[in-house]
Amino acid sequence: MSRKRKLRDLMGIFKDKASLIKANLSTKRSVSSIQVAVIRATTHASASPPHDHRISAIISAGDNSLPAIYACIEAIMDRLHRTHNPYVALKCLFVFHNILAKGSLLYKDHISFFPSSGGHNSLNLSGFYDKSDIETRELSSWVRWYANVLERNMITSRALGSYISPSSRLSINFDKITDKKGNIGFSYRSDFATEMESLVCMVEGICETPESQHFQKNDLVHEIMILVAEDYRSTQYHMMIRLVELGDRVSRLNYLDLSELILSLKRLEGCRKKLNELFIRRKNDLLWEMVSQKKMEMEKVKYERERQSFLLWNVDEKSAELTRSSQKVAGNNYQLLFAAA
C-alpha cells in the first residue's frame, strides 16, 4: 500500500471519529443514535460490506416513527452526498438498497419518494468521481452504476405500484406462473406498454455494469451484486406475470401499444447475453421463450393491421382516381356539347 493511500485511509478514520463525536454531542438523543448507526455502518476503515447487525440497527431505528424515518434518510443522504470516498459511497448505497428490500412499507415509501425530482433523497451521483488512484477511479464507476440502478429501481417500482426489491429472497417457481392467469391481482386496464418499458429500462440499467468486472471479487461489490441479482429475479417475475396476463389481449391492443411493446421486447432480447454473463445462476429459459412467443404474436397482429391499412389505402386511392377520371370525362363531354351548340 502506498504512503499516499495510507495517509488517505488514516484521514478517513479521523473523519469518522470526528463525525461520531459530533453526533454524540447532539442534544437530540434519538437523532444522535441514528447518525451514529449510519456512520458505523459506512466507515472509511474497511473495504468490507457493513455487518448485518449494523444494517439491521438502521432499519429497525427507522421502523418506529416518521421522525425516525426522516432522521435515517437524512443521515444516509448527508453521508452519501458529502463523501468523496467510493467505498463509503458504496456502503451508503448498500444500506439504502437494504432498506428498499427489508424496510417497512412506510420506510420504503419515504426513502423512494420522487427519486428523480432532485429532492434531498435523490441519489444523483452521475458526477461522482474519485481520481486518487486507479482503484478509486474504477470504483467510482461502480458508485455511478449502482446509484443509477437504485434510481431505476425506485422509478420502476412507482410505475408498477409495487416494489421491485423483494422483502426476502424470492422462492419462485417460474414454471407455475402460467397457472396464475386471471388471478394475479393485475388490472385488466393495466398499462402493459408503460410497465414493460419501465421493466426493460430496469434490466438495461443493470446491464450497464462497469468494465472492471474483476471488482466483483471484492467483498463489498460481491454483496451488492447479490442484492442486484435478487432485483433482477424479481424483475423477471414481474415481466412474466404481465406477459401471461397479456394473454389473448394482443389482438385488442392499439397500434401504438403494439409498436412500443415489440420494441421493448426486442431491447430486452438484446440484453440476454449480458444478463447470462452477469447472473449465470439466474438463467430463465422460460422467460425468453415467452418473450419470443409474445413478440412474434404482436408482430403478426401488427403486420396484418398494416396490410389491411395498405389495402384500404389502395382502395381509397383507386376510388379517388376513378372519381377524378369520371369528373374529367364528364367535363370533356360538357365541353363537346357546349362547342356543338
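**Helices, surface patch and pockets of the predicted chain**

Along the sequence, the protein chain runs in the pattern α-α-α-α-α-α-α-α-α-α-α-α. The structure is a predicted model, in which local features need pLDDT of at least 70 and side-chain atom pairs count only at pLDDT 80 or more, whereas totals for chains, interfaces and linings use all residues. Residues are numbered from 1 along each chain as its sequence is written, and side-chain values use heavy atoms, with hydrogens and water left out. The secondary structure amounts to twelve helices and zero strands; both are DSSP runs numbered from the N terminus (helices H or I, at least four residues; strands E, at least two). The chain has 341 residues, of which 44% count as buried. Buried means under 20% relative accessible area, exposed over 50%, and partly exposed in between (1.4 Å probe, protein chains only).

Leu-7, Leu-10, Met-11, Ile-13 and Phe-14 make a nonpolar surface patch of about 470 Å². Patch residues have over 30% relative accessible area and no salt bridge; like charges are joined within 9 Å, and nonpolar side chains (Val, Leu, Ile, Met, Phe, Trp, Tyr) within 5 Å. A salt bridge is a side-chain nitrogen of Lys or Arg within 4 Å of a carboxyl oxygen of Asp or Glu. Accessible areas come from the Shrake-Rupley method with a 1.4 Å probe, and for residues only the protein chains shown count as cover. Met-11 is found in helix α1 (residues 3-24) and counts as partly exposed because its relative accessibility is 44%.

The largest pocket has a volume of about 720 Å³. Its lining holds 23 residues, and Ser-19, Ile-39, Asp-78, Arg-79 and Arg-82 are the closest to its centre. A pocket is an open set of points on a 1 Å grid over the protein atoms alone, where a 1.4 Å probe fits, with protein on both sides within 12 Å along at least five of seven lines; lining residues have an atom within 4 Å of a point. Grid points are joined across faces, edges and corners, and a volume is the space filled by probe spheres set on the points. Helices α1, α2 (29-41) and α4 (66-82) each supply at least two lining residues, and the largest share, seven residues, comes from α1. By class, the lining of the largest pocket has seven nonpolar, eight polar and eight charged residues. Ala, Val, Leu, Ile, Met, Phe, Trp, Tyr, Cys and Pro count as nonpolar, Asp, Glu, Lys and Arg as charged, and the others, Gly among them, as polar.
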